[in-house]
Amino acid sequence: MSKEIVIPFGPQHPVLPEPIHLDLVIEDEKVKEALPSIGYVHRGLETLVEKREFPEYVYIAERICGICSFIHGATYCQAVETLMNVEVPERALYLRTIWSEYSRLHSHLLWLGLFADGMGFENLFMDAWRLREHVLDDLEATTGGRVIQGSCKVGGVRRDIDAAKLDEMSNGLDGFRGELADLVDVFLNDSSVRSRLKNVGVLSKHDAYADGAVGPVLRASGVASDARMLGYAAYGNLHFKPVVEEGCDCYARCAVRAKEMYASIDLIKEAVQKIPDGPIEVKVTGKPDGEYFARAEQPRGEVVHYVKGNGTRHLARHRVRTPTITNVPPMVKMLAGCELADVPVIVLSIDPCIGCCER
Amino acid sequence: MKEEEEPITTIAPDDLLDKVRAYDDAGFRLVQISCTKIEETFEITYCFDQDYRLDSLRLHVPIGTTIPSISGIYWGAFIYENEMHDFFGVEVAGINVDYKGNLLKTAKKYPFSNVTFRGEVTCRKK
Amino acid sequence: MAYLKKSPWLLHYDASSCNGCDIEVLACLTPLYDVERFGIINTGNPKHADVFVITGGINEMNRQVVKNIYAQIPDPKVVVAVGVCATSGGVFRECYNIAGGVDQVIPVDVYVPGCAARPESIIDGIVTALGILEEKRTKMKEQEGSA
């Protein structure tokens, strides 16, 4: 004897710092269907291109989301620079790469913490966030901001990092790597964590690719796709291989993010060695015209910034396709058939960033 | 800055489903669907990716035209099609998960089809 | 205020923000800043809360949610608006979907500046709010006594 009921999940829910609402159709303890509805943090910021000139709009682009803010700013700049044929100095591209990878470290640690909290493992949450402060300290020392950096501009970057600081950052990452290994060991090898994650929220390789999953969700289902392979910024000059897992479940998604942090450390250290001297910005004159889709890899996956100019100082259109919105359909698929008690873990496993998702 | 080739093919709305099916058969994944309002027409762009190559299909449709949904081919397309409907008022026929305008609840209907800013129109009472 | 008489519990809600302030509110709870050592606990239940910490501006969707949560918090209560979006709408103030700061829908006791607000200023704002909470409590007691 079973009866269908609908359980609302959110918007104000203890497991998520941000509001999302799901209607869960439940039969006994099984979720039959999940219907997300969003809009709680929708601001309509894409329309602000009419109010702000294109160099000022970087500040808005950065504030699409407070977790992946640097990469949003950098990708927007990349899009406008391509439209205007701006030759960005090499050093600026390397600095953008270094800051992007620091953002990824801070975002992944933040996620690991929230994920641990979602599993009821509060101690691990605290430990992940303690470690994250190391990354934020370096970001703050070099850009002035902890979570919103504001260091990217059309034509380059606003601040340089001197050689001594670069060395200090690179050396600091050695100790950081050791502490990270202790943390990651718990996530990957602890038996209670494994039992919460293994075979939960399975998304097959075919579904992941066909339904538009991106980033760690796609790579955890065995597809080697990472927008950093496009070689934007300085990634073309650095050695890098996408991190892929075959498990297709929450555990695999956790493993991808955990292992990507080591890749980020390697990328930062390589960039610090290879960074050339030179100017950090060029003067940008003129007005953007034409259109371009700029793509970059956010901590949550591929982001697309579409810009369309109309020959004035204001862009005609800016559209962001953020990784979270494209990971929503795969999430709906993962939720179908799961147990009610696993819903928070599965929702968190796509690393939902609602600020990005709704703009 | 190095510019990658991003070919955009303009097609007629009637050909949409066939062309999209061809991309699916060739193994492309759907990257995104976006909409831009240019005067009295909507410019709708469908982007596909395979091996880091971005290919796009483009429709130009007058306001008020109903376009077919591609969610029968790319299941996940419903999120973009509902979003496009809620932002611009583009009518999409046959979406597999049709929110009927309830995916994003906004302060005014179809905000991107007639952009206004706060303070320019009378606010609702507090 | 030399010491805290009570352990204030707080409820955090993210209105329409970029979530930069939200993660900083969470950072206050974690080891480096660790407000829990003062007995301050982040709760998910409005009926357990004394302090309502809210980040981001108000939009059409969350207007009612914010009012509901506020109404459910028992008196005396204080509201702390964290970040410029919560105080005025911030960089998004002109967006069609933003109705402005939190004070458009509920009374605010403390405004914390910053974009994103730093953990130090958030803690400072909450400590200020605790003083206001004490005043409100005293006033409530006086009124009960005279009634």
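This is a predicted model: local features need pLDDT of at least 70, side-chain atom pairs count only at pLDDT 80 or more; totals for chains, interfaces and linings use all residues.
1. Everything below was computed from its atoms, and pairs of side-chain atoms were counted only at pLDDT 80 or more.

2. Let's start inside chain A, with the sheet. Three strands of chain A form an open sheet in the order β1-β2-β3, and the pairing is antiparallel. The edges are β1 (4-9) and β3 (30-37) of chain A, each of which pairs on one side only. From one strand to the next, the twist averages 20°.

3. Now for the pairing of β1(A) with β2(A). Strand β2 of chain A covers residues 21-27, and six bridges tie it to β1(A), the two running antiparallel. If you want a spot to look at, go to A:Val6, which stands opposite A:Val25 in β2(A). Helix α10 of chain A (residues 323-335) packs on this sheet, where it touches β2 and β3 of chain A. The direction of α10(A) makes about 160° with that of β3(A).

4. Next, salt bridges. Over all chains, the count comes to 44. One to look at within chain A joins the side chains of A:Arg91 and A:Asp160, with an N to O distance of 2.9 Å. This pair links distant parts of the chain, since its residues are 69 apart: A:Arg91 sits in helix α3 of chain A, while A:Asp160 is in the loop between β5 (156-157) and α5 (163-189) of chain A.

5. On to the contact of chain A with chain B. Here 47 residues of chain A meet 47 residues of chain B, and the buried area is about 4000 Å², with carbon and sulfur atoms giving 57% of it. On the chain A side, the residues that lose the most area to chain B are A:Tyr209, A:Phe293 and A:Arg295, which together make up 16% of what that side buries.

6. What about polar links between chain A and chain B? There are five salt bridges across this interface, including one between B:Glu43 and A:Lys308, whose closest N and O atoms are 3.4 Å apart. Polar contact is found for 14 residue pairs, both residues being at pLDDT 80 or more. Several elements of chain A each supply at least two residues to the side that touches chain B, among them β3, α2 (69-83), α7 (205-210) and β6 (289-298). Helix α10(A) gives the most, with six residues. By class, that side of chain A divides into 21 nonpolar, 10 polar and 16 charged residues.

7. Then there is the contact of chain A with chain C. It takes 40 residues from chain A and 38 residues from chain C. About 3200 Å² is buried between the two chains, and carbon and sulfur atoms give 62% of that area.

8. Which polar links cross from chain A to chain C? Three salt bridges span the interface, and one of these joins the side chains of C:Arg118 and A:Glu140 at 2.7 Å, N to O. Nine residue pairs are in polar contact, again with both residues at pLDDT 80 or more. In chain A, α3 (90-118) and α4 (122-143) each supply at least two residues of the side that touches chain C. The largest share comes from α4(A), with eight residues. That side of chain A has 21 nonpolar, eight polar and 11 charged residues.

Technical notes. Residues are numbered from 1 along each chain as its sequence is written. Chains are lettered from A and ligands numbered from 1 in the order in which they are written. Side-chain values use heavy atoms; hydrogens and water are left out. Contact means heavy atoms within 4.5 Å. Buried area is the accessible area (1.4 Å probe) that two parts lose on being put together, summed over both. A salt bridge is a side-chain nitrogen of Lys or Arg within 4 Å of a carboxyl oxygen of Asp or Glu. A polar contact is a pair of N or O atoms within 3.5 Å; within protein, one must be able to donate a hydrogen and the other to accept it, and residues adjacent in sequence count only if both atoms are side-chain atoms. Helices (H or I, at least four residues) and strands (E, at least two) are DSSP runs, numbered from the N terminus. Ala, Val, Leu, Ile, Met, Phe, Trp, Tyr, Cys and Pro count as nonpolar, Asp, Glu, Lys and Arg as charged, and the others, Gly among them, as polar. Two strands pair if DSSP finds at least two bridges between them. Axes are lines fitted to C-alpha atoms, for helices over the stretch in contact, and angles run from 0 to 180 degrees between N-to-C directions.
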